[in-house]
Structure formats: C-alpha cells, structure tokens
Amino acid sequence: TFPNLVASMLRTRFPGLDFKFDHKYLYHPRGLKAILKHRLRFSPPNVAAISVPAMYAARSWRVNMVYEMAPEVVDTARSFLQKIEARIKGNTGPPGETTVLDKMVAVHGPIPLDEYERLLQEALEFCQRTSPCRLVLMGPGRFNEDTIEDYPVHSPELWASVNRMVLRLGARRNLPVINAQEALADYGGEVFTPNNHRWSEYGHEVIAREVETVVAAQVVESS
C-alpha cells in the first residue's frame, strides 16, 4: 500500500535520517481529536499525515462504542485483547481479528459535510495549539465512474466536495495538502481495482509519489 511505498521512498531520499513510521486507522471522524491527543502525548511524531476519506460522508458506519467514548483505549488495548481471547479460546495460532471490543458497536449514518469539517477543524486546532508536530492533510482519491458500489450518498460531486473541504481547511490552517484527486486526474481506470474505489497497485504508486513529495518537504523543514 502507499504508506509502505512512501516509507521506502523517504528512506532512499534521506539515507542519513532514522525514520519510524506508525500507521493508524481512523475508525470515525468523531474520534479524530481524541486519538490525535493520545498519540501526540505518548508517541509524538515530527510529521503527521491525516487522510480524509469521502466514505464517511457516503455511507453508514459501524463504530465501536468503547471507541466512541475513549478511542485511545481501543488504540492501545486491541492487540492485548486479541492475545487474551486467543488464550481463552485455546487458540494456539495467530490471534483472530475479532475481540469483545469489536462486538460492542453503534451505527452512524453518513456524516454531513458541515459536521465533518467541524470535527476536522477541532482536531487540527488542538494539534496546532498543543504540539510542534507538522501536519499534512490528504483528501479523498478520485471517484471511480466504473464502480458498482452503491451507498445512500454516492457521487463524483460528493467526492469533489470532500476534497474542496480538505483544501479549504488546509488554506485556513496554513497546512500543506496532498491533492490525491488532482494527482489521479490524468489517469484512467488503471489506477483502480475493478468496479470499486480501491486503488490498484499502480494507483498506490501514483499516490505514493505525490505523498512522498509533500511529506519530504516537511521532513526538510523539521530537520
């Protein structure tokens, strides 16, 4: 995936620097501020790239209820609980993906764009106020016209609207933005896997080059 490609590219570009990469999954925008607060406190990065997908605005999401209240608990406890449950079940192989945490879920509908922007704004303000960490934003990729996926709110305009929101936030907070839509604009269906919005191997390479260029500039400034 593109984060691994970016990591390799940065190590090649800066052979004299020691890089450590930590890739965290965003379960829902409502937990972004809390999870950033947790990560900035316990393992503060020099550069944090925040990817803002359109999918949260397009469909309903099952969200862990513990994560709703304290996402940092899920962030730190998941691997521990997987090991415990594996022992309880007598599983001698690798821990499974499902834990008791995964069974405590709530369902949220598509998040309105104004609410999405408010949550992002609060998280970015907090980071800029409390940490010297350099922030980089990344908008959603291009809408795949050949997708067979169908969600309650699902259109090229929605994807473009989320991207404009990210560009607007970047300008407002004076942050660099990785414009994935623009990076993919000159390509056809080869940047997608068939019939959905997931990027193909080639698509990941295209995005990785764009991400590496923007992040590398932040690495130079923070060194």
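Mentor: Helices (H or I, at least four residues) and strands (E, at least two) are DSSP runs, numbered from the N terminus. This is a predicted model, in which local features need pLDDT of at least 70 and side-chain atom pairs count only at pLDDT 80 or more, whereas totals for chains, interfaces and linings use all residues. Residues are numbered from 1 along each chain as its sequence is written, and side-chain values use heavy atoms, with hydrogens and water left out.

Trainee: Where do Arg118 and Glu122 lie?

Mentor: Both lie in helix H5 (residues 113-130), 4 residues apart, about one turn of the helix. Arg118 forms a salt bridge with Glu122 (a side-chain nitrogen of Lys or Arg within 4 Å of a carboxyl oxygen of Asp or Glu), and the closest N and O atoms are 2.6 Å apart.

Trainee: Which helices do Arg13 and Glu212 lie in?

Mentor: The side chains of Arg13 and Glu212 meet in a salt bridge at 2.5 Å, N to O. Arg13 lies in helix H1 and Glu212 in helix H8, so the pair ties together parts that are 199 residues apart in sequence.

Trainee: Is Glu212 buried or exposed?

Mentor: Buried means under 20% relative accessible area, exposed over 50%, and partly exposed in between (1.4 Å probe, protein chains only). Glu212 is buried, with a relative accessible area of 6%, while Arg13 is partly exposed at 46%.

Trainee: What is the handedness of the crossing of H1 and H8?

Mentor: H1 passes H8 in a right-handed crossing, that is, the near helix is turned clockwise from the far one by less than a right angle, anticlockwise being left-handed.
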